[in-house]
Amino acid sequence: MTHGLDVDRLEMDGLQMDGLQIRAAAPYDAPLFAALHAACFGSRESPDGDGPLNETGPWNEKAMTRFIAGPGTVCLIATIAGEEPAGFLIARTAADEAELLTIGVLPDHRKRGAGQALLREAAEVLGAAGVGRLFLEVEETNRPALALYRGLGAVPVGRRPGYYENGADAAVLRLDLRARP
Ligand SMILES: CC(C)(COP(=O)(O)OP(=O)(O)OC[C@H]1O[C@@H](n2cnc3c(N)ncnc32)[C@H](O)[C@@H]1OP(=O)(O)O)[C@@H](O)C(=O)NCCC(=O)NCCS
């Protein structure tokens, strides 16, 4: 990770809540990231319903390796007691703005604060690097993600009709990184 994003700070001060830890992803996490993406999003991204596209698709191990290597990306992993993977996040910066590319928490670990911890840490790392605004796109029917984003203070700023492969619209939200609750 480059562009002034402070990985060392993250590794030293990793968030810890009831065994939940957030740390920056390392190159060796690429296969885990691909597996987490497949497990978090399931077959929703497969057009034929045969399962996730993570072996050949845009979220495969090779793609994850590129994200983790950067430049300008924030890749975080959530673990329980520093061992069991629970979730992950990828954001990408462009000048003083950033975009959340994906966030996922394994089904068994949902609704226990992991998503919020990942997003809070990303916001902190990005804010510390001088990024002012984080944009988040989400399917308008994705209530958990909307609850997560709105809960941290993100505000709706637009819509992208037919944004997703299935024809669904995307809601676009913005999180001002220096004015979070
Ligand atoms: C979206 C997602 C990452 C949330 O992760 P999570 O760990 O369950 O979220 P948290 O436990 O931190 O919850 C954050 C807030 O959202 C709310 N929330 C979470 N799941 C919810 C649900 N199913 N219904 C309503 N609210 C929900 C929580 O109550 C919490 O609000 P609070 O702080 O007011 O209590 C998770 O549901 C997920 O991985 N979904 C599949 C992948 C996905 O859709 N990613 C987003 C698009 S890229």
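User: What makes β5, helix α4 and β6 a right-handed β-α-β unit?

Analyst: In this predicted model, β5, helix α4 (residues 114–128) and β6 make a β-α-β unit that is right-handed, a term used if, with the strands pointing away from the viewer, the path from the first strand over the helix to the second runs clockwise. Helices (H or I, at least four residues) and strands (E, at least two) are DSSP runs, numbered from the N terminus. Residues are numbered from 1 along each chain as its sequence is written. Local features need pLDDT of at least 70, side-chain atom pairs count only at pLDDT 80 or more, and totals for chains, interfaces and linings use all residues.

User: What makes strand β4 a partner of strand β5?

Analyst: Strand β4 (residues 84–94) and strand β5 (residues 97–105) pair over eight bridges in the antiparallel sense, with R92 standing opposite E99 in β5. Their hairpin has two residues between the strands, and A95 takes a positive phi near 55 degrees there.

User: Why are A30, P31, F33 and A34 in α2 said to meet residues of α3?

Analyst: Contact means that the C-beta atoms of two residues, placed from the backbone, lie within 7 Å, and by that criterion these α2 residues meet E61, M64, T65 and I68 in α3. The residues of this contact divide into six nonpolar, one polar and one charged.

Technical notes. Nonpolar A, V, L, I, M, F, W, Y, C, P; charged D, E, K, R; others polar. Pairing = 2+ DSSP bridges.
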